[in-house]
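Let's take a friendly walk through a protein chain, starting with its sulfur links and ending with a sheet. Keep the structure in view as you read.

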Amino acid sequence: MGPFGNGYFIRYIATLYIVLTACGCVYSKRDVLDLISNLRSRTGYTNITGQHNLTSAIYLQDSSRYLAVTDTMLNESLRILKDNSELTFLITMKQEKGNSGSLLAFSSEVLRFFEIESRGLEDELRIHYSHDQHHYISTFRYRLADDKWHKLAVTLSGNHVTLYVDCLKLYEKIIQTVDRVPPQSSNIQLFVGQQNRQHALFRGGLQDVQIVTQAHGHLLQCPETSQEADCPTCSHYKALQHQLQKAEERIKELEQCECHKGCIYNGMSKNEGEEWHPDHCTLCSCKNGTVDCKKEDCPPVKCDHPTFREGQCCPQCFTNCFTDGKYFKHGESFSPKVCVTCTCNDSNIECHRMDLEASCPNLNCPPEKRLHIEGECCPVCEGTNFCGLGNNCHSNATCINLTTRFACQCLPGYRGDGVHCEDVNECLTQGGKYGHYCNGQTVCENTVGSYLCKCPSGRIPEDPYNCTESGYDFANSAQARAWDGTLMVTFCSLFVGILWVSGIR
């Protein structure tokens, strides 16, 4: 074999083992975690018949549910997430039309660490994940909320994510590197069918919600699917062996070459072991030909106005200021008098006077027509349209220009300070400024900004304050009065006629 034959042989066997392992010819233990059978709660769902009868299926519809896995399953899932670069999430689902809900979520009340969400209104599948403790979303256009059973597989391999639906490979994307360890204080739980206690509630059926390690985990859903498209099978062993022999011969030729490891960063060459700072908060190094960059972890600050000093990464808290019997925090500004602004800078108070010519608007009125408002630095002209310059009056209020400012007044039928106005229900009170004036025969009905007086039947009477049980006061109406006059004329005419006939006789 020559002086280096043993080393070549070892590398040859190792390389061959790796290839065969990737092809599935060498057995490698695969972990499969079933989440539905390890739920902490047995309420909040209904047992149903799923896509098959081999495992149990559940139907989620109740909004008051808390479907998190047990602590043992949570710890095992977090361990697998941390220790395995190849993971597959398997879900057999039947989602109601129009529903948007989480299928599986490592989350808390405030943190979406890793989550698979199906949004029925947008026909999208979203993967929420954390990268350097920042939230990212990767979106895949596909309709799953169609009230039909589907097999969903999401494979996570390094920074590659692959989506399979009903045994078909639909998408493969490159994303940011997914954080594998959640923050210690995040209180992460592993939920099924919801994001947390009250958000992203999935409605529909779920079956075989599983986390699978090792490559090609989607084949557990579809064992009939061939693996040839992704990796050579064992039948290609001889061809692989021939190629490996040629590669071994090439390695022998290159053995005499001296290898210099190094890295390329932003077009610049870096030596093995070299360290550098691309910014104040990042330390990069060249290790084994690979650039490794890490962010500096800053401790939490306990002040409202932390400050970043030049050349430093982490913010710092500084000393407050005290003047005229008051404390001011670092970075806080205040105005001790008109046209003067002061700022607290690490126990020192720095003040400057406002430049009126540079800061105040130009006025198109003579000096004798200018008004100086108390507490304001810049003067204004008489008759200034303060409402037109901008106001915060409510949409149901009127802006009124005063001499030196504007005022807001709620419209009739509304009550408030003008900035906030709300409709008055006049029907709650009879009489007065905010009451109604319907009489005992009519019923008050509140409207936006006013009210109506209606008869019990619902009709609006001609006389808005009077009606009979039929919804109209016939005795007091104009039509009734006209009818009474007609009857009177008819009666008088008949009486005169009788007297005339009697006189003839």
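Begin with C410 and C421, which form a disulfide with their sulfur atoms 2.1 Å apart; a disulfide here is a pair of cysteine sulfur atoms within 2.5 Å. The torsion about their S-S bond is about -90°, so this disulfide is left-handed. C410 lies in strand β27 and C421 in strand β29, so the pair ties together parts that are eleven residues apart in sequence. Strands are DSSP runs of E with at least two residues, helices are runs of H or I with at least four, and both are numbered from the N terminus.

The model you are looking at is predicted: local features need pLDDT of at least 70, side-chain atom pairs count only at pLDDT 80 or more, and totals for chains, interfaces and linings use all residues. Residues are numbered from 1 along each chain as its sequence is written, and side-chain values use heavy atoms, without hydrogens and water.

By the sulfur rule, the count comes to 15 disulfides. Another of them joins C321 to C344. Which hand does the link of C321 and C344 have? The torsion about its S-S bond is about 85°, so it is right-handed. C321 sits in strand β19 and C344 in strand β22, 23 residues apart.

Now turn to an open sheet of five antiparallel strands, in the order β8-β7-β6-β5-β12; two strands pair if DSSP finds at least two bridges between them. β8 and β12 stand at the edges with a single partner strand each, so one side of each has no neighbour in the sheet. β5 and β12 pair over four bridges, and S107 stands opposite Q189 in β12.
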